Amino acid sequence: MERTRIEEAARRVYRFMTRSQPEQWGDHEWTDWAMNMDRWDWNSGVGVIAAAEFGRTAAGAAEGALREVEAWVERNRGRSEEVRVINSIAPFAVFPALFEMTGDPFYAEKTEEIARWLIDEAPRTRDGAFEHTVTERATFSEQIWADTVFMAVLFLARAARLLGDRRMAGEALEQACLHLRALQDEESGLLFHGWNCAAGNWMSAALWNRANAWNAAAVPMILEEAEDLCDDAGLPDEVKSRYRRLAEGLLAAQNESGLWPTVLDRPSYYEETSGSAGIAFGLYKAVRRGLVPASALGAADRALSAVLGKIGEDGAAGGVSGGTPVLASVEAYNEVPIFPTLYGQGLTLLLLSEALNRG
């Protein structure tokens, strides 16, 4: 695929994410939450993680992106102290890269502080997994959500690498494994959105597109950071085995268009762009790391082509579903409204950055 087309699309997606104005976001009641970068939460966190990857991997196409991430942190760091939950950990995942770029000890010290909070204080389910906690006034006691792997476990793996901390590396891989064990459908290999440890069920039992994308994207990144530091050789092996089964399930669920439906075993449900981008990004990274066979590249290439077709002239990624907790029924996932979001821009930018990184 023509590199210049991907570069130009990536710049547009990045500009819309970082420079668009409220009048460009539409009139949905959630649009300020969806596109306002100056919040310290998972949504903006996915955006800055992607911006940092864009700056790190896309070279000339992303000039200044890492410095803009640094400026974002400086502008918003006070907000990072307002609440400490799983979803507010996401933006900290850029701190190791910022420390490596600047040498500012603040980034290393804060990385260690947050990583130790995760290990020693973050609420856990009876199974030992991080309980999914959010910045909103809502509690999900004893619930394991697929989202947590990207929002918090990725940060912990990066902290382990920065600090050379084997305990953190082991915990990151243990958490990835616990989430895959709890959420993976043994028949299809796909992941359910959430697991209720108290009730012993998957609640709505939705094989939600973006839940699978959070893991498809994050697990190769976690292994890249933490595998060499982990003392328990069995953990990476199980994570890799489960990831391969996930990838097989995702390849089987892809629509002819190249995208994936918003619920993976419901092909007639609407196709969702952000999850499709995250899945394709994960497949590219997994092939590069030897986690899945090179034959998976065909599916990732088809998804890349389809996602490019969803990017507007203004850089907005179309076909992105709104913020989605574990819903009451599978059918409810097909009713989630569509509008631009920071995580939609971010997952799209991750895919485009990885495509550029492949040369």
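Helices here are DSSP runs of H or I with at least four residues, numbered from the N terminus. By that definition, A277 belongs to helix 11, which covers residues 273-288. The structure I am presenting this morning is a predicted model.

Let me stay with A277 for a moment. Its relative accessible area is 0%, so A277 is buried. Leaving out residues up to four places away in sequence, A277 touches V307, L347, T348 and L351. By contrast, I119 is 158 residues from A277 along the chain, and the C-alpha atoms of these two residues are separated by 30 Å.

I turn next to an arginine. R12 is located in helix 1, residues 3-19. Is R12 buried or exposed? With a relative accessible area of 10%, R12 falls under the 20% limit and is therefore buried. Its side chain reaches the backbone oxygen of G312 at 3.2 Å. Apart from neighbours within four places in sequence, the residues in contact with R12 are I311, G312, E313, D314 and G315.

Now to the cysteines. How many disulfides does a search of the whole structure find? The search finds zero. For C177, the nearest cysteine sulfur is that of C230, 9.9 Å away; a disulfide would need the two sulfur atoms within 2.5 Å. For C197, the nearest cysteine sulfur is that of C177, at 14 Å.

The aromatic residues form my last topic. The structure holds 19 aromatic pairs. One of them joins Y14 and F54, whose ring centres are 5.4 Å apart; the planes meet at 45°, so this pair is tilted. Because Y14 lies in helix 1 and F54 in helix 3, residues 42-57, the pair ties together parts that are 40 residues apart in sequence. Y14 and F54 are both buried.

A further pair consists of W30 and F339, with ring centres 6.0 Å apart and planes at 75°, so it is edge-to-face. W30 sits in the loop between helix 1 and helix 2, and F339 in the loop between helix 13 and helix 14, 309 residues apart. W30 is partly exposed at 35% relative accessible area, whereas F339 is buried at 6%.

Finally, ring pairs link W40, W72, F92, F95, F106, Y107 and F155 into a cluster. Over the ring of F106 sits the charged end of R77, 3.7 Å from the ring centre.

Methods:
Residues numbered from 1 in each chain as written. Predicted model: local features only at pLDDT ≥ 70, side-chain atom pairs only at ≥ 80, totals over all residues. Heavy atoms only, no water. Helix = DSSP H or I, 4+ residues; strand = E, 2+ residues; numbered from the N terminus. Buried < 20%, exposed > 50% of the residue type's maximum accessible area, 1.4 Å probe, protein only. Polar contact = N/O pair within 3.5 Å; in protein donor to acceptor, adjacent residues only side chain to side chain. Contact = heavy atoms within 4.5 Å. Phe/Tyr/Trp six-rings, centres within 6.5 Å; stacked < 30°, edge-to-face > 60°. Lys NZ or Arg CZ within 6 Å of the ring centre and 35° of its normal.
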